[in-house]
Amino acid sequence: SGSTWCMSALYKNKDWSSQVEEREEEMVEMLTTGTVSVWKKWKRIFKDVDDENYSLTDLWTGIIVYHIVKEENKEHLSSCTDETMVNPYPIFAAIDNRRWVNKAQHEKVWFEITRHEAGYPAYGAFVETSVFGSHFKAGEHTEKKEEMDMLYLQGLCGSAIGDMRENIKCIIEWIIHHIFSDAEVIMDITLSSQKGDHCGCKHCTKVLLLFDLHVAFHSEEDCKPILRKLMATQEGEEYRQLQKIHKTWEMQNREEQEMHISEVTEIILVSINEKMFNLLKKMLNLVINWTWGTKF
């Protein structure tokens with residue numbers, strides 16, 4: 001993460017390698033005293049929520065990376081030039097998690113992105129960076145997608161916490177923190193009539209309880225008290241479904257409990273329809289399925 005974020009900042013200056021100390025001071029100043037626009041952050045997150053490639057990488061980028069680097073860099077890597085060739089050639093790298101099956105074959109999971117091309121060095125398979133993320137079929141370019149900007153690239157190549165359980169717990173907690181600390185701006189963006197932090201409406205209550213349920217489950221804490229609270233938000237058949245899950249919870253193994261968590265999530269989300277909560281639905285589904293990166 002550090003090298004990715006550092007390179008992204010350094011290469012904005014075309015002669016940075018001859019002014020390393022000055023650039024370092026500028027970066028330290030930005031990281032320590034820079035400010036974040038809450039409005040820009042959430043406008044970005046809402047903008048692409050319906051895109052087929054939308055994943056936790058978008059949330060990681062918009063919420064966490066932007067908060068750390070203090071800059072929404074909308075430039076494109078393919079447009080970065082170095083006519084004098086005085087700076088080292090920047091190569092961004094990531095791991096393709098879908099190929100991370102046989103961990104002995106390290107070279108096949110590496111994915112490299114430069115200002116000229118993006119692809120797998122082990123296979124010699126590359127496309128021009130300007131069309132990275134677009135649709136291809138049998139080597140032919142079939143549908144053009146907008147090139148990712150530098151902030152998204154920082155999120156794509158940046159590392160999260162190493163432990164899976166801590167990943168899930170921390171990311172859910174970050175999402176909760178930023179949603180409710182920025183509640184007024186989010187309500188403005190979604191044109192909702194509700195204002196203020198920690199809204200007490202039934203929708204917010206359900207969403208908070210769902211987040212709590214996922215955190216408790218992945219932290220191996222007792223989920224039954226939260227299930228009881230969720231039961232109180234439902235009526236009729238939905239109430240009876242949650243009641244059955246609650247009663248049999250301790251009789252289930254870990255895998256069966258995880259399936260019930262998904263069922264509970266679906267039951268609760270069905271009753272949430274407003275635009276803001278559509279984003280929350282998407283967030284929860286991304287966390288449940290642990291969806292990162294792009295599909296193509």
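This is a predicted model: local features need pLDDT of at least 70, side-chain atom pairs count only at pLDDT 80 or more; totals for chains, interfaces and linings use all residues.

Residues are numbered from 1 along each chain as its sequence is written, and side-chain values use heavy atoms, without hydrogens and water.

**Sheet**

Four strands form an open antiparallel sheet, in the order 1-2-3-4. Strands are DSSP runs (E, at least two residues), as are helices (H or I, at least four), numbered from the N terminus. Two strands pair if DSSP finds at least two bridges between them. Strand 1 (92-95) and strand 4 (125-128) are the edges; each has a single partner strand, so one side of each lacks a neighbour in the sheet. Four bridges join strand 3 (residues 117-120) to strand 4. There, E117 stands opposite E128.

On a 1 Å grid over the protein atoms alone, a cavity is a set of points where a 1.4 Å probe fits but cannot get out; a pocket is an open set with protein on both sides within 12 Å along at least five of seven lines; lining residues have an atom within 4 Å of a point. Grid points are joined across faces, edges and corners, and volume is the space filled by probe spheres set on them.

| Space | Volume |
|---|---|
| Second largest pocket | about 710 Å³ |
| Largest cavity | about 80 Å³ |

Of the 24 residues lining the second largest pocket, K47, D48, E146, E147 and M148 are closest to its centre. Helix 3 gives the most to this lining, with five residues. The largest cavity is lined by residues including M7, Y11, F92 and R115.
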